[in-house]
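Colleague: I'd like to learn how to read a few features off a model. Can we go through one together?

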Amino acid sequence: MKDNIVYDKAFQFAKRIVRFYRHLTAVKNEYVLSKQILRSGTSIGANIRESQNAQSKKDFISKLSIALKEAGETEYWLDLLADAYLTEDEIDSLKCDLIEIIKLLTTIVKKSKSN
(Lines give C-alpha, C1' and ligand atoms only; values in the text may rest on other atoms or scores of the structure.)
Protein backbone atom coordinates (compact mmCIF):
# COMPACT_ATOMS: atom_id res chain seq x y z
CA MET A 1 0.00 0.00 0.00
CA LYS A 2 1.26 3.44 -0.87
CA ASP A 3 2.22 5.75 2.01
CA ASN A 4 0.41 3.88 4.75
CA ILE A 5 2.78 3.81 7.69
CA VAL A 6 0.61 1.72 10.01
CA TYR A 7 -0.02 -0.88 7.30
CA ASP A 8 3.70 -1.04 6.43
CA LYS A 9 4.63 -1.48 10.09
CA ALA A 10 1.95 -4.15 10.57
CA PHE A 11 3.13 -6.00 7.45
CA GLN A 12 6.75 -6.00 8.64
CA PHE A 13 5.56 -7.10 12.09
CA ALA A 14 3.58 -9.97 10.54
CA LYS A 15 6.70 -11.17 8.71
CA ARG A 16 8.58 -11.17 12.00
CA ILE A 17 5.74 -13.06 13.67
CA VAL A 18 5.93 -15.76 10.98
CA ARG A 19 9.66 -16.14 11.63
CA PHE A 20 8.98 -16.14 15.39
CA TYR A 21 6.38 -18.89 14.91
CA ARG A 22 8.90 -20.98 13.00
CA HIS A 23 11.43 -20.51 15.79
CA LEU A 24 8.92 -21.46 18.49
CA THR A 25 7.92 -24.64 16.72
CA ALA A 26 11.39 -25.71 15.58
CA VAL A 27 13.50 -24.76 18.60
CA LYS A 28 11.11 -24.66 21.54
CA ASN A 29 8.72 -27.37 20.29
CA GLU A 30 5.85 -25.06 21.21
CA TYR A 31 2.77 -25.56 19.04
CA VAL A 32 -0.29 -24.25 20.88
CA LEU A 33 0.66 -20.71 21.91
CA SER A 34 2.75 -20.24 18.78
CA LYS A 35 -0.33 -20.88 16.63
CA GLN A 36 -2.28 -18.29 18.63
CA ILE A 37 0.35 -15.59 18.17
CA LEU A 38 0.69 -16.45 14.48
CA ARG A 39 -3.04 -15.97 13.99
CA SER A 40 -3.43 -12.73 15.95
CA GLY A 41 -0.09 -11.22 14.90
CA THR A 42 -0.77 -11.61 11.19
CA SER A 43 -4.40 -10.54 11.52
CA ILE A 44 -3.46 -6.99 12.48
CA GLY A 45 -2.22 -6.08 9.01
CA ALA A 46 -5.02 -7.99 7.30
CA ASN A 47 -7.62 -5.88 9.10
CA ILE A 48 -5.74 -2.67 8.35
CA ARG A 49 -5.73 -3.70 4.69
CA GLU A 50 -9.47 -4.37 4.81
CA SER A 51 -10.04 -0.91 6.27
CA GLN A 52 -8.63 0.62 3.10
CA ASN A 53 -11.61 -0.77 1.18
CA ALA A 54 -14.18 0.13 3.79
CA GLN A 55 -17.66 0.91 2.55
CA SER A 56 -18.16 3.74 5.04
CA LYS A 57 -16.45 5.66 7.79
CA LYS A 58 -18.15 3.40 10.32
CA ASP A 59 -16.82 0.32 8.50
CA PHE A 60 -13.32 1.89 8.39
CA ILE A 61 -13.36 2.49 12.15
CA SER A 62 -14.71 -1.00 12.75
CA LYS A 63 -11.92 -2.67 10.76
CA LEU A 64 -9.22 -0.64 12.49
CA SER A 65 -10.82 -1.37 15.87
CA ILE A 66 -10.59 -5.09 15.07
CA ALA A 67 -6.92 -4.61 14.15
CA LEU A 68 -6.42 -2.90 17.51
CA LYS A 69 -8.10 -5.79 19.33
CA GLU A 70 -5.88 -8.27 17.51
CA ALA A 71 -2.84 -6.22 18.51
CA GLY A 72 -3.97 -6.38 22.13
CA GLU A 73 -4.40 -10.13 21.87
CA THR A 74 -0.95 -10.46 20.32
CA GLU A 75 0.52 -8.52 23.23
CA TYR A 76 -1.12 -10.99 25.62
CA TRP A 77 0.40 -13.99 23.79
CA LEU A 78 3.83 -12.32 23.76
CA ASP A 79 3.60 -11.77 27.52
CA LEU A 80 2.52 -15.35 28.11
CA LEU A 81 5.26 -16.76 25.88
CA ALA A 82 7.82 -14.58 27.63
CA ASP A 83 6.70 -15.93 30.97
CA ALA A 84 6.44 -19.57 29.90
CA TYR A 85 9.22 -20.11 27.34
CA LEU A 86 11.34 -17.07 26.72
CA THR A 87 12.88 -14.08 28.42
CA GLU A 88 11.73 -10.49 28.14
CA ASP A 89 14.93 -9.77 26.20
CA GLU A 90 13.94 -12.32 23.56
CA ILE A 91 10.68 -10.53 22.83
CA ASP A 92 11.59 -6.88 23.56
CA SER A 93 12.00 -5.92 19.91
CA LEU A 94 8.71 -7.54 18.88
CA LYS A 95 6.95 -5.91 21.82
CA CYS A 96 8.35 -2.46 20.95
CA ASP A 97 7.15 -2.78 17.36
CA LEU A 98 3.74 -3.96 18.55
CA ILE A 99 3.35 -1.07 21.01
CA GLU A 100 4.16 1.36 18.21
CA ILE A 101 1.44 -0.22 16.04
CA ILE A 102 -1.04 -0.07 18.94
CA LYS A 103 -0.30 3.64 19.48
CA LEU A 104 -0.75 4.41 15.78
CA LEU A 105 -4.02 2.46 15.56
CA THR A 106 -5.35 4.08 18.74
CA THR A 107 -4.62 7.54 17.37
CA ILE A 108 -6.22 6.79 13.99
CA VAL A 109 -9.35 5.29 15.57
CA LYS A 110 -9.76 8.19 18.03
CA LYS A 111 -9.29 10.84 15.33
CA SER A 112 -11.64 9.03 12.95
CA LYS A 113 -14.33 8.85 15.62
CA SER A 114 -14.01 12.55 16.46
CA ASN A 115 -14.19 13.76 12.84
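Predicted model: local features only at pLDDT ≥ 70, side-chain atom pairs only at ≥ 80, totals over all residues.

Colleague: How many salt bridges does the structure hold?

Modeller: A salt bridge is a side-chain nitrogen of Lys or Arg within 4 Å of a carboxyl oxygen of Asp or Glu. By that rule the structure holds seven. Residues are numbered from 1 along each chain as its sequence is written, and side-chain values use heavy atoms, with hydrogens and water left out.

Colleague: Which residue does glutamate 100 meet in a salt bridge?

Modeller: Lysine 9, at 3.0 Å from N to O. Glutamate 100 sits in helix α4 (residues 88–114) and lysine 9 in helix α1 (residues 5–26), so this pair ties together parts that are 91 residues apart in sequence. Helices here are DSSP runs (H or I, at least four residues), numbered from the N terminus.

Colleague: And which residue pairs with glutamate 73?

Modeller: Arginine 39, with an N to O distance of 2.3 Å. Glutamate 73 belongs to helix α3 (residues 57–84) and arginine 39 to helix α2, so parts 34 residues apart in sequence are tied together. Arg39 and Glu73 are also linked with Glu70 in a network of salt bridges.

Colleague: What about glutamate 50: which lysine does it bridge to?

Modeller: Lysine 63, the closest N and O atoms being 3.7 Å apart. That pair also ties α2 to α3, because glutamate 50 lies in α2 and lysine 63 in α3, 13 residues apart in sequence.

Colleague: Is glutamate 50 buried, partly exposed or exposed?

Modeller: The classes go by relative accessible area: buried is under 20%, exposed is over 50%, and partly exposed is in between (1.4 Å probe, protein chains only). Glutamate 50 has 42%, so it is partly exposed. Arginine 39 falls in the partly exposed class too, at 40%, as does glutamate 73 at 24%.

Colleague: Where does isoleucine 48 sit, and is it buried or exposed?

Modeller: Isoleucine 48 is in helix α2 (residues 32–51), and it is buried, with a relative accessible area of 0%. For its neighbours, take contact as heavy atoms within 4.5 Å. Leaving out residues up to four places away in sequence, isoleucine 48 touches Val6, Tyr7, Ala10, Leu64, Ala67 and Leu105.

Colleague: Which helices do the buried residues of α4 pack against?

Modeller: They pack against α1, α2 and α3. Among the buried residues of α4 are Ile91, Leu98, Ile102 and Leu105.

Colleague: Where does α4 bend?

Modeller: Think of a bend as the angle between axes fitted to the seven residues ending at a residue and the seven starting there. In α4 the bend is about 35°, at leucine 94. Leucine 94 is also one of the buried residues of α4.

Colleague: How many aromatic pairs does a search of the whole structure find?

Modeller: Two. Rings of Phe, Tyr and Trp (its six-membered ring) pair if their centres lie within 6.5 Å; planes under 30 degrees apart count as stacked, over 60 as edge-to-face and the rest as tilted. Tyrosine 76 and tryptophan 77 have ring centres 5.0 Å apart and planes at 70°, so they are edge-to-face. Tyrosine 76 is partly exposed at 48%, whereas tryptophan 77 is buried at 13%.

Terms used
Helix = DSSP H or I, 4+ residues; strand = E, 2+ residues; numbered from the N terminus.
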